[in-house]
2 protein chains.
Amino acid sequence: MRAVAMQPVQPMQIKPRLTIVVREDAAFEDATRKHGLCSTCQSHDRCLSATLHSTSGSPVDDLVTVRRRLRKGDAMYRAGDRFSALYVIRSGSCKTVLLDEHGQEQIVGYHMAGDIVGIDGIGTDHHECEAKMLEDTEVCSLPFEELERLARDDEVLQQNVHRLLAREIARARRLMLLLGTMRAEQRLAVFLLDLSERYLARGYSSCEFVLRMTREEIGSYLGLKLETVSRLLSRLVDEGLIRAEGRSIKLLDRMALRRLLEK
Amino acid sequence: MRAVAMQPVQPMQIKPRLTIVVREDAAFEDATRKHGLCSTCQSHDRCLSATLHSTSGSPVDDLVTVRRRLRKGDAMYRAGDRFSALYVIRSGSCKTVLLDEHGQEQIVGYHMAGDIVGIDGIGTDHHECEAKMLEDTEVCSLPFEELERLARDDEVLQQNVHRLLAREIARARRLMLLLGTMRAEQRLAVFLLDLSERYLARGYSSCEFVLRMTREEIGSYLGLKLETVSRLLSRLVDEGLIRAEGRSIKLLDRMALRRLLEK
DNA sequence: CGACTAGTTGAGGCCAGTCAATGTTGGTGG
DNA sequence: CCACCAACATTGACTGGCCTCAACTAGTCG
């Protein structure tokens, strides 16, 4: 696994009015141990504020969040856990896994810095998925009840909560289309192009990145077996569309990848 | 296609406090042409009130809805249409279809009386799916902006809106698991059992019902081809698990259907 | 070093797709 | 009434894409 060049490209311009106070988890071992506002967070631009910030000028109560640090392999929450908060990924990444009663298991989401995780707990008071860290990760929690309370006083925040949920629905639907209609090669192409876009949106290189998932996890996400994923990656390399050495991927011919989706 | 016995079984006990006034569409051709409250609607118990009703005692403004009647094959809305309202199905059923830019098309939802349709428009101001009637259908519209306004004054209504969206996410995720991990026979079994449960919840026979979708539509919903659906239905008949004559289905051995999911 | 995990590649099999013929049903018009 | 047609459904023969099983390599960790 090699390091990959990742320079921020275009920081977004966002002016949040919702003040968020960050408290740290008891187990938080940050050397600096800084308390402070969310707006001082380095991930701020591509985080919470982009999705949930309020633009209304009305004074809103502070939303107190707790920062947590998790290790690779840790579960942020498991299926059945009580739902109380959404989590914003400050740095790192995780997968969300859905299990059914017969032991069937599928990865239904891959989440990276700035993404909001835990939506599967809304409406039922308990989580339906398990969120498992793919690397060491820092998250900030957003107590959902408090968020609901704030949203009642703030139309824009309310709409942003709705947008957050709606986006999750749209994402799920796209994945349904992928699983229901696409061939294996197309699924993988969509996966790579999607990753590429998401890195771009976060200011990183869109053509060169390191996968955080194993072949098996990618397969689970795409409804394929790990051998199929491996074979297809090799094929894309042979055809000159990508370079792949272990988990580091370079997209060489994005146009050709897109053309795979047309057939 | 034969008529099938459908007696209400257990009406739900719900006491809505949110008053909803129903206006009728200009094109509405109901012989009776009754104006009135939503609570007088025959579908009331298994409709809106079960999902969106408010239990808080605080006085809330009336939500004015328009009733529309649609014919089989009509589109309630198309992809790209401006989103302004959710729709409650009073009677009838529809499918929601997602299309991608390459002409790939998949049915992502099947909705029957009492279901709320149009959620795909939330957050983006335009619909991402097309909703097409599977039979002559009556719907009531719920202007979403007004619903948002009411939800800001009513904690329970707010939570119910969240629950509505969350349920849609959960539904999508279950379908992802189905499409990603199950074999064709299992998918069909899940489909039949799910239909069965939904009819039961609406007070109809849970073991005998009439499909509203063609084999092709079922296939699109389950990520299969129509021939596969047809073959599998025949197989289930041969094995004595169901009876199927055209679109009328009778579940003969529900236990065996469930066992199919275990392997 | 051995044990383990992750990944690659090959051989073979099966499930579901494809293509095609035929049957069934419902609607329309002569 | 029947002839005709279109849409829907069934069934068979064949194909192929993906899965399964298996062998092997490379890297990591105790």
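Predicted model: local features only at pLDDT ≥ 70, side-chain atom pairs only at ≥ 80, totals over all residues.
1. Two elements give two or more residues each to the surface near DNA strand C: α6 (226-238) of chain A and α6 (226-238) of chain B.

2. There are 17 residues around DNA strand C. Those that come nearest are A:Ser230, A:Arg231, A:Ser234, B:Ala184 and B:Thr228. By class, the surface has eight charged, five polar and four nonpolar residues.

3. A:Arg231 reaches a base: an N or O atom in its side chain is 2.7 Å from a base nitrogen. B:Thr228 goes to the phosphate, with a side-chain N or O atom 2.3 Å from a phosphate oxygen. B:Ala184 uses its backbone, where an N or O atom lies 2.6 Å from a phosphate oxygen.

4. Now DNA strand D. It has 16 residues around it. A:Ala184, A:Thr228, B:Arg215, B:Ser230 and B:Ser234 come nearest. The surface near DNA strand D divides into eight charged, five polar and three nonpolar residues.

5. Which element gives the largest share of the surface near DNA strand D? It is α6(B), with five residues. Both α6 of chain A and α6 of chain B supply at least two residues there.

6. Chain A meets both a base and the phosphate of DNA strand D. An N or O atom in the side chain of A:Glu227 is 3.2 Å from a base nitrogen. A polar side-chain atom of A:Thr228 lies 2.3 Å from a phosphate oxygen. From chain B, a polar side-chain atom of B:Ser230 lies 2.7 Å from a phosphate oxygen.

7. Next, the two protein chains. In all, 42 residues of chain B are in contact with 42 residues of chain A. The area buried between them is about 3900 Å². Carbon and sulfur atoms give 62% of that area. In chain B, the residues that lose the most area to chain A are B:Arg152, B:Arg173 and B:Met176. Together they account for 19% of what that side buries.

8. What polar links cross the interface of chain B and chain A? Eight residue pairs are in polar contact. There are also two salt bridges. One of the salt bridges joins A:Glu155 to B:Arg152, whose closest N and O atoms are 3.8 Å apart.

9. On the side of chain B that touches chain A, β7 (105-112), α2 (144-152) and α3 (155-181) of chain B each give two or more residues. α3(B) gives the most, with 20 residues. By class, this side has 19 nonpolar, 12 charged and 11 polar residues.

10. Last, a hairpin in chain A. Strands β12 (residues 242-245) and β13 (residues 248-251) pair in the antiparallel sense over four bridges. A:Ala244 stands opposite A:Ile249 in β13(A). Two residues lie between the strands. A:Gly246 takes a positive phi near 65 degrees in this hairpin.

Conventions
Residues numbered from 1 in each chain as written. Chains lettered and ligands numbered in written order. Heavy atoms only, no water. Pairing = 2+ DSSP bridges. Near = heavy atom within 4 Å. Polar contact = N/O pair within 3.5 Å; in protein donor to acceptor, adjacent residues only side chain to side chain. Nonpolar A, V, L, I, M, F, W, Y, C, P; charged D, E, K, R; others polar. Contact = heavy atoms within 4.5 Å. Buried area = accessible area lost by both parts, 1.4 Å probe. Salt bridge = Lys/Arg side-chain N within 4 Å of Asp/Glu carboxyl O.
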